[in-house]
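Subject: Structure handover

Hello,

Here is the structure I said I would pass on. My notes on it follow below.

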Amino acid sequence: MTNQTFKVSDPQDKKMLKKVFWRTMTLSSTYNYERMQALGYLYTMIPVIDRYNEIKEDRIEGYKRHYELFNTTPTMGGFITGLSTSMEKEAAEDQNFDKSSINAVKLSLMGPFAGIGDSIFQGSLRIISLGIGVALAAQGSILGVILHLLLYNVLAHLLRYYGVFAGYNMGTSFLKSASENGVLGKLTKGAGIVGLMTVGAMTCSMVSFQIPAVFKIQGSELVVQDMLDQIFPNLLPLLLTFVCYKLLKKNVKPIWIMLGMMVVGILGKVIGIF
């Protein structure tokens with residue numbers, strides 16, 4: 001990757017991208033289990049949306065577009081926000097641009113980038129820098145703390161900063177060619193499929209719902225959960241996710257859904273079903 005990838009000729013674009021960089025620091029500051037980093041991502045994209053959309057309704061549409069579920073390693077968020085910036089610019093200049101592709105591409109990248117970021121920064125760099133720091137701190141040196149913070153944060157922030165510019169430049173050139181040869185439509189469809197696969201995987205791995213009830217029939221035990229797993233593994237987490245989704249579509253507030261699940265869970269435990 002050449003230095004040209006990180007260069008932006010327009011001073012206003014450069015100023016905007018620097019704002020995007022600083023705001024990526026807030027990606028996980030408002031983390032929640034409904035939309036995860038969505039509010040932080042929206043805050044990061046506000047300078048972009050405000051610059052490219054003069055009409056109030058278009059700005060509101062842009063805010064809603066980026067207030068969707070998002071979750072990745074914060075360090076890797078720079079590239080994705082830079083790519084989103086280039087797509088927002090393209091959408092503002094081309095009335096025929098499919099704006100749904102902005103969110104689709106963003107969602108398709110968050111999973112792979114999270115895997116890379118967690119492996120490099122959380123699983124490797126943090127452990128290495130902390131090991132060096134602890135070794136020095138055990139000898140009574142304050143350099144242990146300083147060195148750990150520098151080793152980790154300098155590399156992380158450099159990647160975050162240049163990632164914004166790389167994503168913006170690569171997105172601009174890629175989108176131009178993709179729009180001309182029709183690849184963008186295929187990419188949007190593929191990104192949507194990947195996004196749905198990610199949601200399915202998250203449902204399987206992050207939603208826990210079991211029925212440990214045991215019934216005795218003619219001297220033999222029937223474990224309800226084992227029977228369900230043989231028919232359709234992880235059926236209950238899937239059904240629970242669909243129920244929550246339907247309630248959200250009916251504008252039921254998430255706090256009421258969570259309280260409802262707590263009440264059902266407590267009652268189920270008392271009765272002996274759960």
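A nonpolar patch on the surface is formed by I142, L143, V145, I146, L149, L150, V154, L155, L158 and Y162, with about 910 Å² of accessible area together. Patch residues have over 30% relative accessible area and no salt bridge, and nonpolar side chains (Val, Leu, Ile, Met, Phe, Trp, Tyr) are joined within 5 Å. A salt bridge is a side-chain nitrogen of Lys or Arg within 4 Å of a carboxyl oxygen of Asp or Glu. Areas come from the Shrake-Rupley method with a 1.4 Å probe.

This is a predicted model: local features need pLDDT of at least 70, side-chain atom pairs count only at pLDDT 80 or more, and totals for chains, interfaces and linings use all residues. Residues are numbered from 1 along each chain as its sequence is written, and side-chain values use heavy atoms, without hydrogens and water.

I142 lies in the loop between helix 5 and helix 6 (143–181). Helices are DSSP runs (H or I, at least four residues), numbered from the N terminus. I142 is exposed, at 59% relative accessibility; exposed means over 50%, buried under 20%, and partly exposed in between.

Helix 5 (residues 100–138) has 39 residues and spans 53 Å from first C-alpha to last, close to the 57 Å expected at 1.5 Å a residue. The expected span is 1.5 Å times one less than the number of residues. Helix 5 has a kink of about 35° centred on D118, the bend being the angle between axes fitted to the seven residues ending there and the seven starting there.

M36 is not a glycine, yet has a positive phi of about 60°. M36 is buried, at 4% relative accessibility.

Regards

Note on methods
Helices (H or I, at least four residues) and strands (E, at least two) are DSSP runs, numbered from the N terminus. Buried means under 20% relative accessible area, exposed over 50%, partly exposed in between (1.4 Å probe, protein chains only). Patches are made of residues with over 30% relative accessible area and no salt bridge: like charges are joined within 9 Å, nonpolar side chains (Val, Leu, Ile, Met, Phe, Trp, Tyr) within 5 Å.
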